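I opened this notebook to record what I looked up in one structure. The entries follow the order in which I consulted it.

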Amino acid sequence: MSAATQTAPGARVVNEEARWKYLDHIRRTPGPFTDPDATSEEFLAQFEKMKVLVIGAGGLGCEILKNLAMSKFKTIHVIDMDTIDISNLNRQFLFRSSDVGKYKAEVAARFVENRVKGVSITPHNKKIQDFDETFYKQFQLVICGLDSVEARRWINAMLVSIAEEGEDDPDSIKPLIDGGTEGFKGQSRVIFPSITSCIECQLDMHAPRAAVPLCTIASIPRQPEHCIEWAHIIAWEEEKPFPSLDKDDPEHVTWLYEKALARAQEFGIQGVTYSLTQGTIKNIIPAIASTNAIIAASCCNEAFKIATNSAPCLGFENNYMMYSGNDSIYTYTFKHERRDDCPVCGRKARPLEVDPKSTLQELLDSFAVRPEAQLKKPSIRAEGRTLYMQFPPGLEEQTRPNLGKTITELGLIDGQQVVVTDPAFPLEFNYFFRFKKTY
Ligand SMILES: [Zn+2]
């Protein structure tokens, strides 16, 4: 009697040898770009021992975990603190309606383990900040499928500090593969911490989207969103159809939609819909399952190449692949250069344009919108003195009066070195003042 006939009806029978046939062929057959050692038995055995960390078990994370398991990675850990919401089910395909309310990391790990024999996935229902260096040092590769810039910056700073501490030890360099999607757009990039351009060097790629100027909205709309913003900001204020706007109330949204539609028709603009109205006023960008699939595939391809040396990977030459599905399909791969003045992997202070007549409060507020800093709770000190500290409360109270003083009144000079910190990031930003000329 064969093994298949002994299996209970309905059970999944997978021929393991057939499953890995083509993958093994790629690993064992050298091509023109294959590292000569990559096909040795010793190196092939090393791949089996690789320990990979996946951060995020959402839209990208589900795809990444499935792809890694199907690429024969055997030891995987996954971190995600979130629980499953019913709205995740259309694309986060490792979850079922009976899983709503359970931890994403846990459910995803069990699902993939059940489907792919021999893979071990350890879930952590926690924040990345709950773990220290010792935890991160056990991995050879980190793959991020996150939607938060803060979390990316944190793990990046952690991996750069592990690499710098490790100095000449090649094992201390943990390649970081980062995927990200927004609607039909996405990117994947590979970072060799302390060697190549890091997430912080590339922070300007995540600059907050510029707001549409009010004059465009008020006078010359060109896009359906401009008409919706007009209804939202101007028409609503003028007409006050309801006492206060509730963005979840269909009656309110319908009012805005009809106003926006009338304005769009007046200017010959197409594309105002109810769902676009809802998305625009709530600032929602839809998550697209196929964008996640494409970006996760690219990330896992890079992971496979780094782990097997079977072909050149992103990282040293080109390190950033951007993808856009907005207007047919477009991808562009380029080299993002490392910055000497990067607060994480660089050493140099960067210039900070300052008006000496502005107050310390105004200066601190400006850090929230500076593309390379994006700090919400900055503290600042100059050589030998604290100018303003958010924490602890005693020091905050003591330094608060400085907020109302101008740069000149505080005795700060052109060329002054300052250090800016923020509780969200394990790093310091070094700046020197460059006074703006005022006439
Ligand atoms: Zn950097």
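**Entry 1. Basis.** I noted that residues are numbered from 1 along each chain as its sequence is written. I also noted that this is a predicted model, in which local features need pLDDT of at least 70, side-chain atom pairs count only at pLDDT 80 or more, and totals for chains, interfaces and linings use all residues.

**Entry 2. Domains.** I looked up the domain assignment, whose bounds come from an automatic or database assignment. The assignment gives domain 1 (32–207 + 287–334), domain 2 (214–282) and domain 3 (350–435). I found the C-alpha centres of domain 1 and domain 2 to lie 39 Å apart.

**Entry 3. Strand β4.** Helices (H or I, at least four residues) and strands (E, at least two) are DSSP runs, numbered from the N terminus. I examined β4 (residues 141–145) and found 5 of its 5 residues buried; a residue is buried if 20 or more other C-beta atoms lie within 10 Å of its own, with C-beta atoms placed from the backbone. L141, I143 and G145 point one way from β4, and V142 and C144 point the other way.

I then looked up the partners of β4; two strands pair if DSSP finds at least two bridges between them. Strand β1 (residues 51–55) runs parallel to β4 and is joined to it by 4 bridges, with L53 bridged to V142. Strand β5 (residues 176–182) is likewise parallel to β4, again through 4 bridges, and V142 has L176 as its bridge partner there. From β4 the chain passes through helix α8 (residues 149–166) to β5 in a right-handed β-α-β crossover, that is, clockwise from the first strand over the helix to the second with the strands pointing away from the viewer.

**Entry 4. The open sheet.** I traced 5 strands in the order β9-β13-β12-β10-β11, with mixed pairing. The edge strands, β9 (350–354) and β11 (385–388), each pair on one side only. Within this sheet, β12 (residues 417–421) and β13 (residues 428–435) are antiparallel over 5 bridges, and V420 is bridged to F429.

**Entry 5. Helix α14.** I found α14 (residues 360–369) lying across β9, β10 (379–382), β11 and β12. Its buried residues are L360, L363 and F367. Seen down the axis of α14, these residues fall within an arc of 60°, so they line one face of the helix; the arc is that of the directions from the helix axis to the C-beta atoms.

Technical notes: Contact = placed C-beta atoms within 7 Å. Axes fitted to C-alpha atoms, helices over the stretch in contact; angles between N-to-C directions. Buried ≥ 20, exposed ≤ 12 C-beta atoms within 10 Å, placed from the backbone.
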